[in-house]
Amino acid sequence: VGSAADEDPLARLKSYVEGQDRAPLAAIEQRVREAVNDRLKAAAVERELIDLLVLEATPDARRIACRQLRFVGTDRSVPALSALLDDPALAHPARAALEAMPSLAAAAALRQALRTTRGDPLVGVIHSVGERRDPAAAFLLVPLASRKDLAVAQAALGALGRIGNETALQTLQAAAGLAPPLAPDLPPPRNPLADDVRLRLDQTVLFDGLLNCAETAARGEGVTNAIEIYARVYSAPTAPRPQRMAAVRGLVRHAPIRAAVL
């Protein structure tokens, strides 16, 4: 007679190592698919997956649990996933799960991780915050854009570009050496980038971010501001050609006469 562990795919998954029989993994995936549209089933599966994260399961089993929590995870999963964000082996799947959750608790956990993680896990958290377009994280990203670590600074600028709010716009303008759009007579604000980062920065990240800020402004009530951003991107000597052409397209949409002059 088989034991309960033999019958329960979660119990078998606890000791799973990549390359072994995938039957317990397939069973868990099927259980998650069946639970996605059933609140009670989803809650039960979520509890079991959380147990895999906090108990003595293999790293492969915990990675699988993180991946499945992307589909059934709720606020209950956030503490267990957050605890893995500075673990080099598990940070990526844990972060991906939090990134996918439509949860204020998940957003808060990622913002907190901006303060506590280091190295590659920090770069990943920055990307997730940007993918969520979390405006509350913008003020935390600004000092990260000043880091001497190129990967961190560039990721922070990219995330600010995806967020596209006023804080993001001001930081990206300063990094590009541009004066505020509606104050052309003012000198450019102090560039926040470290000298070494400024020399090696991928300008595409910077100007794509500015274009996204313009699009964000144009979708709201800031069309005039968007037009000035497009014009400054077009005129910036360091703007790559594709971004300059994108700026012209933005002007064609919102200020065709000005675009015709260019």
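Mentor: Before we start, helices (H or I, at least four residues) and strands (E, at least two) are DSSP runs, numbered from the N terminus. Axes are lines fitted to C-alpha atoms, for helices over the stretch in contact, and angles run from 0 to 180 degrees between N-to-C directions. This is a predicted model: local features need pLDDT of at least 70, side-chain atom pairs count only at pLDDT 80 or more, and totals for chains, interfaces and linings use all residues. Residues are numbered from 1 along each chain as its sequence is written, and side-chain values use heavy atoms, leaving out hydrogens and water.

Trainee: At roughly what angle do the axes of helix 3 and helix 4 cross?

Mentor: Take helix 3 as residues 23-35 and helix 4 as residues 39-54. Their axes come within 8 Å. The crossing angle is roughly 145°.

Trainee: Which residues of helix 4 make the contact with helix 3?

Mentor: Contact means heavy atoms within 4.5 Å. On the helix 3 side, you'll find I28, R31, V32, E34 and A35. Helix 4 brings K41, A42, V45, E48 and L49.

Trainee: Is C66 buried or exposed?

Mentor: Buried means under 20% relative accessible area, exposed over 50%, and partly exposed in between (1.4 Å probe, protein chains only). C66 has 0% relative accessibility, so C66 counts as buried.

Trainee: And P88, buried or exposed?

Mentor: P88 lies in the loop between helix 6 (78-82) and helix 7 (91-100). Its relative accessible area is 75%, so P88 is exposed.

Trainee: What is the mean pLDDT of the chain?

Mentor: pLDDT is the predictor's confidence in each residue, from 0 to 100. Here 94% of the residues reach 70 or more, and the chain's mean is 90.
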